[in-house]
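Here's a quick tour of ring contacts, charge pairs and a few surface details. Have the structure open while you read.

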Amino acid sequence: MFCEKAMELVRELHRAPEGQLPAFNEDGLRQVLEEMKALYEQNQSDVNEVKSGGRSDLIPTIKFRHCSLLRNRRCAVAYLYDRLLRIRALRWEYGSVLPNALRFHMSAEEVEWFNHYKKSLATYMRSLGGDEGLDITQDMKPPKSLYIEHFLPRWKCEQLVRQGVLEHVLS
Amino acid sequence: MTEELDHTGQDSDADSEEVVLTPAELIEKLEQAWMNEKFAPELLESKSEIVECVMEQLDHMEENLRRAKKGDLKVSIHRMEMERIRYVLSSYLRCRLMKIEKFFPHILEKEKTSGEGELSSLSPEELVFAKQYMANTETYLKNVALKHMPPNLQVVDLLRSAVPKPDLDSYVFLRVKERQENILVEPETDEQRDYVIDLEEGSQHLIRYKTIAPLVASGAVQLI
């Protein structure tokens, strides 16, 4: 049946849990594009038959192939776009240098997209004011230490403990 | 740490108001903007002035810390406060960037068609980022797939296909800051009719975002 390879691509990503990036399925994508080319050419020739030979019985088949073409495109774009979203998440997870294992799963074009994205993000962060801007990929979690462990002489802290500013942490 | 910050109003015409905010008030405004942005399904108005002032505030604090005596207890407490403010600011900006990336075709379309007087939902830097993100993604899809497809299928209107729109019907929690009367609540299903409610100051509600979106923008309600 048509669009099977395209569906397989989508299923492949659907199976991969969030945060995971399977290897780029270059072969799969190529097959989808080839099927699209074949469908288009068949339609072209059938359209000519309809126009010149009056073969209006071919119209349902032409429509069907057109739907398959649209579906193939939709699946291919969904596959590629979903991967971009995963790759984008990697920048936030791992920083600007990706671990090799992940990089090997990316196509050359995906690496290029990633590099552009990194640059764009860096430019934005630098523009946030101050001398160097603000690195918003840091401080991903709220500051944990509500209490700072300090070894201070008791007499210095007493007042502040009573004010509720400090807590005496026994560890 | 109680010096007041001068903060000029948003518009740049001659009779712009000068609003003087204490550092505490500024941080409160930041936290409000942060919570609204976190809970709203769409990208809210850009609050560049708050961001700028908070960055300045952080610089001030850093300065003071450098001049302070080493080992002074105040240093730790102020540093803790700085970390907290930096976290809220970063979280706020991250939240915005994520929404920009998530809804980029719709956001950019809105920017293009918005009028002169309308407040932008993007800061100039965010607009640059959004445009670059769009160009990057379009170029990638074109080179890897679209240009290898049949000629009549090469243009994919990203607006309509790949990228979903924000769900303005999603429900949000809010607290009312300024009393509102006669808010029209539209029906969700055909069996319901629309009805009108009043929002009392201090009350809390769970309501569809679309109904109260303008109230978030005006500051009459706070998303929680």
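This is a predicted model: local features need pLDDT of at least 70, side-chain atom pairs count only at pLDDT 80 or more; totals for chains, interfaces and linings use all residues.

Residues are numbered from 1 along each chain as its sequence is written, chains are lettered from A and ligands numbered from 1 in the order in which they are written, and side-chain values use heavy atoms, with hydrogens and water left out.

**Rings**

Rings of Phe, Tyr and Trp (its six-membered ring) pair if their centres lie within 6.5 Å; planes under 30 degrees apart are stacked, over 60 edge-to-face, and the rest tilted. That rule gives 10 aromatic pairs over all chains. One of them is A:Tyr117 with B:Tyr133, edge-to-face at 6.0 Å centre to centre and 70° between the planes. A:Tyr117 sits in helix H5 (residues 108-126) of chain A and B:Tyr133 in helix H5 (residues 124-144) of chain B, so this pair joins two chains. Helices here are DSSP runs (H or I, at least four residues), and strands are E runs of at least two, numbered from the N terminus.

Then there's A:Tyr124 with B:Phe129, a tilted pair at 6.0 Å and 50°. Again the partners come from helix H5 of chain A and helix H5 of chain B, so the pair joins two chains. Buried means under 20% relative accessible area, exposed over 50%, and partly exposed in between (1.4 Å probe, protein chains only). A:Tyr124 is buried at 3%, and B:Phe129 is buried at 1%. A:Tyr117 and B:Tyr133 are both buried too.

**Charges**

A salt bridge puts a side-chain nitrogen of Lys or Arg within 4 Å of a carboxyl oxygen of Asp or Glu. The whole structure has 21 of these over all chains, including:

| Salt bridge | N to O distance |
|---|---|
| A:Glu41 and A:Lys37 | 3.6 Å |
| B:Lys47 and B:Glu45 | 3.9 Å |
| B:Arg179 and B:Glu181 | 2.3 Å |

A:Glu41 and A:Lys37 are about one helical turn apart because they are 4 residues apart in helix H2 (residues 26-53) of chain A. A:Glu41 is partly exposed at 45%, while A:Lys37 is exposed at 52%.

**Surface and record**

A:Met1 lies in the segment before helix H1 (4-15) of chain A and is exposed, at 70% relative accessible area.

For chain B, an unreviewed UniProt entry lists residues 44-71 as "coiled-coil region"; UniProt positions use the numbering here, feature names are shortened, and annotations may be inferred rather than shown by experiment. In the model, that span is 71% helix and 0% strand, with its end C-alpha atoms 42 Å apart.
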